[in-house]
Amino acid sequence: GVGLAYGLGRRATEDEVAAWDIDVRPDGMGLPDGSGTVGEGDMLFQEQCASCHGVFGEGAGRWPVLAGGQGTLTDERPEKTIGSFWPYLSTVFDYIRRAMPFGNAHSLTDDEVYALTAYLLYMNDVVADEEFELSKENFSEIELPNAANFIDDDRDSEPHYAAKADPCMRDCKDTPAEIVMRARILDVTPGSVDDDGAGAGAVD
Amino acid sequence: MGKGNGIDRRRLLTAGLAAGGAALAPRAVAGEGDPAILEVQDWTRYLGDGVQARPYGVPSEFEAHVVRRDVEWLTAATESSVNFTPIHELDGIITPNGLCFERHHAGIAEIDPADHRLMINGLVDQPLVFTMEDLKRLPRENRVYFLECAANSGMEWRGSQLNGAQYTHGMVHCVMYTGVPLRTILGEAGIKASGKWVLAEGADASVMTRSIPIEKAVDDCLVAFMMNGEALRPEQGYPLRLVVPGWEGNMWVKWLRRIEVGDLPWHQREETSKYTDLLPNGKARRFTWVMDVKSVITSPSPQMPISHGPGPLVISGLAWSGNGRITRVDVSLDGGRNWRRARIDGPSLPKALHRFYLDIDWDGRDLLLQSRAIDEDGFVQPSKEELRAVRGENSIYHNNGIQTWHVKPDGSSENVEVS
């Protein structure tokens, strides 16, 4: 053992760290050598991804939409995609390499992940050139449209938290409370009459 | 076994219900008496199972309805989905291991602990690999904490949708973890001065990753291998999971295989695309880690109708806060116009579920039941209107607004919103 206090564990080898440490940061730290073009990515996407995510990343059924939705973040029903919402391209590369295709993760080469990332940029109109090649060298020059729109947690400044006031106990409303919405109208709870194809889920 | 007697008992209960609120005092059974007493029951006459019939015991067959449930339309695949703890049927503050809600992103990894490794790398003096055997030789702690999914109650942002506390509030559980403080393990590797963040990573096919600031990592995070006294369940990360007290469940990485120390956050998929909270102006909050003060009445509730008619009624519920202990819970019977203080019973532990009760004499009329928790930092659980006024309806996560149940004269309840 080599641990400082208890002498437990052993030193990780360089190969072991390389095998598991595959994370990529927005500044490009962790990017492997390699490259891939939009065209290569298109072919791969149709083979490996389109059955769930649609030919143009529009999503099949309830599977995630990957492209489009730009300018919808203040809509009643925003469409949050790589192009409309994600702040960093590094996350696209990292996540595909880490967890996709769903059910066959870690099956793509680094060049293939570059190519798929390039194709996703093309589908999201971040690059317009079908000949575009994404590589370790030019990766960090790409900025996604929504990068500036994330803020750190400021919930404590919301009025109901900032006040920390002793709450009202008596006659807190001028008039009796009225019911304004009922779950049974929607009837989407399992075991109720019709729980199929209900409203958009919050979890995926 | 015992089915006939079950029917007799149900008939008796039905008769009692039909009698309604006429009798508020204990009443004698009419006629010759209660067959449950007068007749010798099977379990009183015949032998039951011997000691080794149930080497690992399971609940009574009469509790078969107390199970985790899912909502199929929520997700595209059950392997990246969620189910819900039956909190409406439970009491106290500890969730039984087999009922703790599940949230996976690539299904349940089934890992032989002999093949499991924990790697520490990055900005450390020496990258290390631990076996499970190694980890179990380090000094350990026992702590009770709630784990709440960031998306708990998320389907209710636009209003009442799912009819039951299990579905509206059941992405939460609370168990006692046994594990090693993360600071001990990081100390073995030696954190460099430039190390400001850690990345926790799971071994399942989603290879789940989240960035955690070093202050939290060395404060109260645990690398846990036991829950409620036994090994973690596979669906809860067997053989190893991260415990991140008070913070959103996504960060409690299961099947934990790696901790990397870095100088900046990684902005992984689960902290950019997911677990960021969209605001009405189109901006999104990130790193919304703490689960705020929250409560819910678990009974009566839509899945727990009142079957006994008017008279004494136990209103039971749960309260919790990622900031620490719950100091007070108020309950309203009239949709938030008037409040009375509930009674917290059982252990009051920081960042753990708290059980509260309000014992009332129900007059059989409509109730608009609400609960409102206050934590030791002085934060008061807000109404849904207060939350929506600031956040709109598209935050998805962190909905800790006050829940209303409409209790009707027939004893049934419904998930409603009130003005």
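1. A:Asp171 sits in the loop between helix H6 (159-162) and S5 of chain A. Helices are DSSP runs of H or I with at least four residues, strands are runs of E with at least two, and both are numbered from the N terminus. Phi of A:Asp171 is near 50°, a positive value in a residue other than glycine. A:Asp171 counts as exposed, at 59% relative accessibility. Buried means under 20% relative accessible area, exposed over 50%, and partly exposed in between, with a 1.4 Å probe and protein chains only.

2. On the basis of these points: this is a predicted model, where local features need pLDDT of at least 70, side-chain atom pairs count only at pLDDT 80 or more, and totals for chains, interfaces and linings use all residues. Residues are numbered from 1 along each chain as its sequence is written, chains are lettered from A and ligands numbered from 1 in the order in which they are written, and side-chain values use heavy atoms, with hydrogens and water left out.

3. B:Lys351 also deserves a look. Its phi is positive, about 60°, although B:Lys351 is not a glycine. The residue lies in the loop between strand S20 (343-345) and S21 of chain B. At 15% relative accessibility, B:Lys351 counts as buried. Most residues other than glycine have a negative phi, and most peptide bonds are trans.

4. One runs from A:Met100 to A:Pro101, with omega near -5°. A:Pro101 is in the loop between helix H4 (89-99) and helix H5 (110-123) of chain A. Another joins B:Tyr238 and B:Pro239, with omega about 10°. B:Pro239 belongs to the loop between strand S11 (230-231) and strand S12 (241-243) of chain B.

5. Which chains contribute to the open sheet of 6 strands? Chains A and B do: the order is S5(A)-S24(B)-S23(B)-S22(B)-S18(B)-S19(B), with antiparallel pairing. Strand S5 (179-182) of chain A and strand S19 (340-341) of chain B stand at the edges, each with a single partner strand, so one side of each has no neighbour in the sheet. Two strands count as paired if DSSP finds at least two bridges between them. Strand S23 (residues 404-407) and strand S24 (residues 413-418) of chain B pair in the antiparallel sense over 4 bridges. In S24(B), B:Ser413 stands opposite B:Val407.

6. An open sheet of 3 strands in chain B has the order S1-S2-S3, with antiparallel pairing. Strands S1 (69-70) and S3 (103-104) are at the edges with a single partner strand each, so one side of each is left without a neighbour in the sheet. Strand S2 (residues 81-84) and S3(B) pair antiparallel over 2 bridges. B:His104 in S3(B) is opposite B:Ser81.

7. Strand S17 (residues 311-320) of chain B is mostly covered, with 8 of its 10 residues buried. It is joined to strand S16 (residues 294-299) of chain B by 5 bridges, running antiparallel. B:Ser316 in S17(B) is the bridge partner of B:Ser299. Strand S21 (residues 354-362) of chain B is joined to S17(B) by 9 bridges, also antiparallel. There B:Val314 stands opposite B:Asp359 in S21(B).

8. Helix H2 (residues 38-48) of chain A has buried residues A:Val38, A:Gly41, A:Leu44 and A:Phe45. Seen down the axis of H2(A), they fall within an arc of 120°, so they line one face of the helix. The arc is that of the directions from the helix axis to the C-beta atoms. On the other side of H2(A), A:Met43 and A:Glu47 are exposed.

9. How many cavities of 30 Å³ or more does a search of the whole structure find? It finds 5. A cavity is a set of points, on a 1 Å grid over the protein atoms alone, where a 1.4 Å probe fits but cannot get out; lining residues have an atom within 4 Å of a point. Grid points are joined across faces, edges and corners, and a volume is the space filled by probe spheres set on the points.

10. The largest cavity has a volume of about 230 Å³. Of its 21 lining residues, the closest to its centre are B:Arg103, B:Arg241, B:Gly249, B:Trp252 and B:Lys254. The second largest cavity has a volume of about 70 Å³. Its lining draws at least three residues from each of domain 1 (83-285) and domain 2 (294-416) of chain B, with bounds from an automatic or database domain assignment.

Methods:
1 Å grid on protein atoms, 1.4 Å probe; cavity = no way out; pocket = protein on both sides within 12 Å on 5 of 7 lines; lining within 4 Å.
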